[in-house]
Structure formats: C-alpha cells, structure tokens
Amino acid sequence: MRVLVIGAGTGGLCLAHGLKKAGVDVALFERDRTPRSMLIGYRVGISPDGSKALHSCLPPDVFAEFVRTTARPPKHIVMRTEKYKELLVGEVDTDRDDSRSEKSVSRIAMRTALLGGLEDVVRFGRTFTHFTQNDDGTVTAFFDDGTSETGDVLVGADGAQSKVRRQYLPDAKVVDTGITSVAGKLPLTEENAKLLPPLADGGITLLFGPNGEFVILHVMRFDGTGVEDDYIMWGYAASHDKFPDMKGMSPAELKQVVLNLTPRFHPNLRELFALATPETVFQIKVRTSERLRPWQPSNVTMIGDSVHLMTPGRGIGANTALRDAELLCRKLTEGQDVVRAIGEYEQEMIEYGFAAVEASREMMDGSSLVHKPVIGRVAAAFQRTFLRVTNAVPVLKRKMLAEDAAERDHVSSDHEVVHAR
C-alpha cells in the first residue's frame, strides 16, 4: 500500500509518522518551500487526546524530541473580567506521564520536531491541484509544477482551504462565524511579566469583556531548552460589527484597533496589547465547517481542518486532527480492504469531529446574545454571574471542569484530569 498525504501540518505529519512506523510506503506533499515558512499563530495546546495520538504514531526518539521542545504545561485555567477580577479558577492535573498530559507547544517548534525522521517522506514546494481516481483502484495526485504521484490512498490534510475537500466533497460548507480575532506576541521579560493577571504565568487565562468580547493569554516558558525565546501571546476576539474595516491595515494599525476598542480594559492588559512586536500581529475572520452527511467511502479521505474546520474556542482543533491521524493510521494498518478501512474511520471521525466543531462554535459565535446591542450587556453580566456562582460552589465547579476535561481526554475518568481549587 502506498499512501499520499497532502499537507505537512500537525495531522499530516503525525499520520506520516504512524504509517512509516507501521512499514507503509507514505509520501507527504507540502506547498511551503521550507519547514518554517507561512506559519502564523504561536501556541498550540496539546490535550491528553493529542498526546496519546502523538505517542502512538511517533517513533520514541521523535516523541522525546517533541516533548523536549514543549513549554511549561499549564497548571491552571483562569477566567477573569477585562479588569482582572476573578470569575473562576481551576487546576489542571500535571501529574501524568508524557503520553497523556496537557502540553503547550510553539507551532514552529512542533513542526520542526515532527519533521524529524521524515526526510525521505516530505516533499516541500509541491502545490497540489487535483486528483483522479483510476480504474485500477489507484489514485493520482497532480501538482502545479506538472508532476504527479500515484498511490493506493489519498489523504487530504491540507487545512481550511483544502483543495482535496473542494473536489471530493464540493457541497461541504465552511461558513463565517461572525467573529474577528486579532493576535500578537511580545517577549516575556521581567517587566512584561508584571503586567499579567494573577496565575497567568503557568496557566491559561480567559478574560471576558462587557460586550461579548474576550481575550486569551498564554505565557510560554521554554526553561532554557534553546527551542525559542520565552514569550507572551494574546488574542482579542469580538463580533465583526465591533471592528472597523481592517482591509489592508498594517500590523501596527491592527494593534491600534485593539487599543481603540478597549479603553476601559485593565491598563496592564492594554499595555500588553501595546507592547506586542508589530510584525507578530495578525487578524483572522474565524470560520467553521457545517456538519456533513455521511458519504460513500473510497480511496480518498481527509483529516483535521480539511474536513472539520473548527473555531479555536475550545482549543481542540489540532487535537482532533491528531486523533484523526491515529485512528486512520490504525484502520489502514489493520490489514483489511482499504475502502472498508476508510469507511470505518470516517464513520467514527464524522461523529466526534463534528461534535467538536459544534462545541467550538458555541464559544465563538457572532450571533449569540452576548454580542447583541443592549441585550448583550445583560447576557454578558449573566455569564459573569454564572461563572462566579460556579466558582463558589465546589460541586458545580467540579462538574464544569470535568466536562471540559472529558472533552480533551476521551478515555479517562473525569476526576483524573481536572479538579477544583
């Protein structure tokens, strides 16, 4: 069996490792010309699900290098108002082995680690255009340089703008969520660390504004591994109507937009916005997939964002792609007919993948009440009250955090993963 994988993102690299480790002939094609080009975004949270998939698919030395390049794992999940007032605090269980633990990773460091041992598998600078399914049961991928490759299976791991999906499932819809996000990055210095809210250094912090807007803060400490300089990343998100027309704006102008939108936010938070290195600031309009009806399986399939694009609202997009990669690898290497293996994979993937899409959409939906004029402030106030009450009642907090933990670790009992402070 020869498997062609389109896209060297997180899921594609994990799948390629798993197939190679199982002795399958696999070739991975990536349009980027170098491993470090075109990577935006800075931090990826790897859940227990993601860790299990990576541990299963990667050879031990590559998994060890991946773990070495991670930042300090989060110990807390903290929710606050835009003025740094506490709403809810929970603790993340860090007493777990590397194969089942939460991790914070840099996108660039992760790709570099996962490329290890795939030098004979990855072909950079190969832009996929289309495929054909052949009469002999094979599939051929074509590239914009006029070349082509033929294999027994084609896997689209080519992300939100997937050309594999567009050809194979032309009715699949990717829709606008109504949310815009602007993110930036600044060095983690002693002075900058003083601007952070309590527990942010060592946790994941979400801050909720009065008009439905919210901010996420990540502190990345690499403990002298030499992987990358320590940094702080922030992301500001709100409904489209809160923003001016940002088409053509420079990174410095995008940063100023965030400052203009947050005059009453905590002054230290505004200083973190202002200190972002201009060239690191970028904006996206958040998009997501709509649930697909099951389709007839064949020798073409997809993993990750190429089939179930989700908002970053639950932090599970990359982990769902890793879960896809592990499941598809396992099905393809069980020795059964290829189309039957892919059918079994897709049957499972559609269920958990689109459940994750819908859960993530709930967190980032511009049509929800908190983003509406007038009533939105009432809804936001109710949300804050709910979080404060939950924080004050241990049984409610345990339940809420356990549900979130179960979503990130599908085989553990709830109390193993997260417990209340």
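Colleague: Why is the radius of gyration of the protein chain said to agree with a compact globule?
Modeller: The radius of gyration is taken over C-alpha atoms, and the globule rule is 2.2 Å times the number of residues to the power 0.38. For 421 residues the rule gives a value near 22 Å, and the protein chain has 22 Å, so the two agree. Along the principal axes, the C-alpha atoms fill a box of roughly 65 × 45 × 40 Å.

Colleague: What kind of model is this, and how are its residues numbered?
Modeller: It is a predicted model, in which local features need pLDDT of at least 70 and side-chain atom pairs count only at pLDDT 80 or more, while totals for chains, interfaces and linings use all residues. Residues are numbered from 1 along each chain as its sequence is written, and side-chain values use heavy atoms, with hydrogens and water left out.

Colleague: How many helices and strands does the protein chain have, and what makes a run count as one?
Modeller: There are 14 helices and 18 strands. Both are DSSP runs numbered from the N terminus: a helix is H or I with at least four residues, and a strand is E with at least two.

Colleague: Why is Thr 177 called buried?
Modeller: Buried means under 20% relative accessible area, exposed means over 50%, and partly exposed is in between (1.4 Å probe, protein chains only). Thr 177 has 2% relative accessibility, so it counts as buried. By that cut-off, 54% of the 421 residues of the protein chain are buried.

Colleague: Where is Thr 177, and what does its side chain reach?
Modeller: Thr 177 is in strand 12, residues 174-187. Its side chain reaches the backbone nitrogen of Ile 179 at 3.3 Å. A polar atom of that side chain also lies 2.7 Å from the backbone oxygen of Val 286.

Colleague: What makes a pair of atoms a polar contact?
Modeller: The two must be N or O atoms within 3.5 Å; within protein, one must be able to donate a hydrogen and the other to accept it, and residues adjacent in sequence count only if both atoms are side-chain atoms.

Colleague: Where does Ser 106 lie, and is Ser 106 buried or exposed?
Modeller: Ser 106 lies in strand 6, residues 103-106. Its relative accessible area is 2%, so Ser 106 is buried.

Colleague: Which residues does Ser 106 touch?
Modeller: Contact means heavy atoms within 4.5 Å. Not counting residues up to four places away in sequence, Ser 106 touches Tyr 42, Met 220, Phe 222, Glu 228 and Tyr 231.

Colleague: How do you know that Tyr 42 and Ser 106 come together in space although they are apart in sequence?
Modeller: They are 64 residues apart in sequence, and their C-alpha atoms are 5.4 Å apart. In the case of Ser 106 and Val 44, 62 residues apart along the chain, the C-alpha separation is 6.2 Å. For the protein chain as a whole, residues 24 or more positions apart account for 73% of the contacts with a separation of 6 or more.

Colleague: Why does Tyr 42 count as buried, and where is it?
Modeller: Tyr 42 has a relative accessible area of 15%, so it is buried. Its place is the loop between strand 2 (25-30) and strand 3 (43-46). Beyond four places in sequence, the residues it touches include Val 105, Ser 106, Lys 185 and Phe 282.

Colleague: Why is helix 2 described as largely enclosed?
Modeller: Seven of the 10 residues of helix 2 (residues 48-57) are buried, so the rest of the structure largely encloses it. Among the buried ones are Pro 48, Ala 53, Leu 54 and Cys 57.

Colleague: What is noted about the phi angles of Tyr 84 and Leu 199?
Modeller: Phi of Tyr 84 is near 75°, a positive value in a residue other than glycine. Leu 199 is not a glycine either, and has a positive phi of about 70°.

Colleague: Why is Tyr 84 called buried, and why is Leu 199 called partly exposed?
Modeller: Tyr 84 has a relative accessible area of 10%, which means that it is buried. Leu 199 is at 31%, so it counts as partly exposed. Tyr 84 lies in the loop between strand 4 (76-81) and strand 5 (86-92), and Leu 199 in the loop between helix 6 and strand 13 (203-208).
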